[in-house]
Amino acid sequence: MHQGTKRALVGAAATLLLTTTAAALPTTANAASTLTNAGFETDGTATATPTGWSTYSAAGQNSASYTEAGGHTGSYRLTHWASTAYKVETYQYLSGLTNGTYTLSAWVRSSGGQNSAYLALRNCGSTEQRTDLPPTPNGAWIHLVTSVKVTGAQCTVSINSDANAGNWLNVDDLAFTSGTTGVTARGVDVSTLKKSEDYGGTYKYANGTTGDALSILKANGADYVRLKVWVNPADGYNNKARVLTMAQRAKALGMGLLIDFHYSDSWADPGKQNKPAAWSGYTLDQLKSAVYNHTYDVLNALKAQGTTADMVQIGNEINAGILWSEGSTSNWGNLAALLTQGANAAKAVSSSTKVALHLANGGDDAGARTFYDNAVARGVPFDLIGLSYYGYWHGALSDLQTTLDDMASRYGKQVFVAETAYAFTLANNDSLENNVAYSSQLVAGYPATQAGQAANLRDVMNVVEAVPNGKGLGVFYWEPTWTAVAGNGWDPTDATSADAWENQALFDYTNKPTSAMAWLNHR
């Protein structure tokens with residue numbers, strides 16, 4: 001579902017407010033083609049209707065909108081708040097616009113907990129566009145954007161709250177300029193899907209009809225598939241042959257393809273980067289050759305069957321390097337040589353394939369700077385920067401935004417979230433305790449419900465969309481199809497191992513899509 005579409009999550013009362021508000025908006029006004037008082041600096045504090053703006057509340061609650069001290073950059077900001085439940089809109093009507101695509105940007109904060117709290121562009125001659133405000137309990141400002149096509153020379157910029165008692169939002173430093181926004185890659189890592197299917201896993205559309213999981217994801221907006229590659233895994237999955245099969249399925253649906261090389265026989269991440277058993281005794285030169293040959297072999301086989309990779313990760317969550325100990329970050333010269341071999345192999349197969357270097361901990365800007373500074377200084381070739389971001393491990397959403405924006409600016413590269421996920425329940429569905437199993441692990445403002453999971457994915461995607469200069473490439477949801485299926489556990493060496501991820505899948509315990517899946521259709 002497109003962001004401009006009214007969602008089922010918005011209640012009937014909110015829909016009524018939107019309808020009434022639209023009817024009440026002025027068709028003639030002292031309007032300009034640029035925002036007036038976009039930083040709310042003109043009037044000081046306690047102004048319910050700031051200069052240039054209008055306020056509307058069907059219930060006569062205009063006082064819930066007001067200016068107060070504490071702006072993002074200047075002295076003041078707009079606030080929505082009341083001690084009782086309230087609905088209020090602060091808006092500004094623009095006219096005399098040249099038809100075309102425009103982007104609204106704003107800095108926002110929010111308590112969370114509202115029925116709805118969002119920026120909107122409406123009455124612009126095309127479908128209304130919205131961006132929801134994320135909860136920011138740490139008080140940090142978040143930069144958001146919304147774009148719309150203007151066809152009638154006018155548009156209304158709108159800030160909306162349908163809130164419970166005590167809920168609040170802050171908005172400041174708005175801008176309305178020519179340009180468009182969006183994300184290109186709305187991806188899913190389905191590396192465990194084939195094994196799930198082989199062990200009896202099934203997937204359903206929302207109406208209960210059984211279908212192909214990839215087709216269901218595609219129908220909900222997914223346009224990219226991510227597949228990990230292990231060298232010689234014990235269970236025979238995620239190897240070259242299996243990846244070739246899954247790539248055919250993805251490309252047959254018209255989806256892009258990201259190949260994620262682990263350079264291991266099993267999981268590689270910041271805590272373990274173990275060499276494949278077959279490479280265990282190799283010298284550095286032999287490891288360099290092995291990285292090149294393995295990367296080339298898999299990618300060339302994909303190309304030969306007509307499924308050339310669109311993107312390639314040279315390593316997975318490589319904060320501490322690859323192929324320990326020779327390729328650890330304590331031996332940066334070695335690591336750079338190994339990464340370069342992988343990148344060169346990818347380009348030798350297809351010069352158009354984008355090479356990504358992927359780190360965990362997307363909220364750690366300082367750590368990311370250290371890594372990529374070293375890679376750049378040693379001439380490692382790469383096109384994209386990928387970051388994992390799990391809010392329960394990697395800090396506040398504002399930390400992710402800081403890292404993404406800094407990476408894009410500092411290195412001039414497109415950035416993307418290579419992995420993210422969130423729980424839709426704390427209930428377990430197999431014998432293994434889940435990675436997120438307790439309320440103490442949850443991110444403030446995002447309950448372990450389908451609505452909480454949806455809001456979390458929505459807000460991560462909105463932060464990527466807001467990366468300046470169009471450098472936010474997209475988001476990949478990690479393992480949305482890893483439901484609880486006996487035999488499809490986490491350990492490739494143990495057929496009886498279970499799955500600690502089923503409560504973060506995008507299919508619920510009845511195998512139907514969770515409401516979060518629709519956010520794969522983000523603009």
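Biologist: Happy to look at this one with you! What percentage of the 523 residues of the protein count as buried?
Modeller: This is a predicted model, where local features need pLDDT of at least 70, side-chain atom pairs count only at pLDDT 80 or more, and totals for chains, interfaces and linings use all residues. Residues are numbered from 1 along each chain as its sequence is written, and side-chain values use heavy atoms, with hydrogens and water left out. Buried means under 20% relative accessible area, exposed means over 50%, and partly exposed is in between (1.4 Å probe, protein chains only). Of the 523 residues, the share that counts as buried is 56%.

Biologist: What radius of gyration does the protein have?
Modeller: The radius is taken over C-alpha atoms, and the globule rule is 2.2 Å times the number of residues to the power 0.38. The C-alpha atoms fill a box of roughly 75 × 50 × 40 Å along the principal axes. For 523 residues, a compact globule would come out near 24 Å, and the protein agrees with its own value of 24 Å.

Biologist: How many helices and strands are there in the protein?
Modeller: Both are DSSP runs, numbered from the N terminus: helices are H or I with at least four residues, and strands are E with at least two. Counted that way, the protein has 10 helices and 20 strands.

Biologist: What share of the contacts with a separation of 6 or more comes from residues 24 or more positions apart?
Modeller: A contact means heavy atoms within 4.5 Å. Among contacts with a separation of 6 or more, residues 24 or more positions apart account for 77%.

Biologist: How far apart are the mean positions of the positive and negative charges?
Modeller: Lys and Arg count as positive and Asp and Glu as negative, while His and the chain ends are not counted. Each charge is placed at NZ of Lys, CZ of Arg, CG of Asp or CD of Glu. The mean positions of the 33 positive and 41 negative charges are separated by 6 Å.

Biologist: Let's zoom in. Which side chain makes a polar contact with the side chain of Tyr 263?
Modeller: Tyr 263 sits in the loop between β15 (256-261) and α5 (284-304), and it counts as buried because its relative accessible area is 1%. A polar contact is a pair of N or O atoms within 3.5 Å; within protein, one must be able to donate a hydrogen and the other to accept it, and residues adjacent in sequence count only if both atoms are side-chain atoms. At 2.8 Å, the partner of Tyr 263 is Thr 295.

Biologist: Is Ala 466 buried or exposed?
Modeller: Ala 466 lies in the loop between α10 (450-465) and β20 (472-478). Not counting residues up to four places away in sequence, Ala 466 touches His 143, Leu 144, Val 145 and Gln 401. Since the relative accessible area of Ala 466 is 3%, this residue is buried.

Biologist: How far from Ala 466 is Gly 182, C-alpha to C-alpha?
Modeller: Along the chain, Ala 466 and Gly 182 are 284 residues apart.

Biologist: Which two residues does a cis peptide bond join?
Modeller: As background, most peptide bonds are trans, and most residues other than glycine have a negative phi. With omega about 0°, the cis bond joins Trp 324 and Ser 325.

Biologist: What is the phi of Ala 153?
Modeller: Ala 153 is in the loop between β8 (142-150) and β9 (154-163), and its 26% relative accessibility makes it partly exposed. Although Ala 153 is not a glycine, it has a positive phi of about 65°.

Biologist: And what is phi near for Asn 361?
Modeller: Asn 361 belongs to the loop between β17 (354-359) and α7 (365-377). With a relative accessible area of 28%, Asn 361 is partly exposed. Its phi is positive in a residue other than glycine, near 60°.

Biologist: Last one: which residues are in contact with Ala 336, leaving aside its neighbours within four places in sequence?
Modeller: Ala 336 is part of helix α6, and at 4% relative accessibility it counts as buried. Beyond those sequence neighbours, Ala 336 is in contact with Arg 378 and Val 380.
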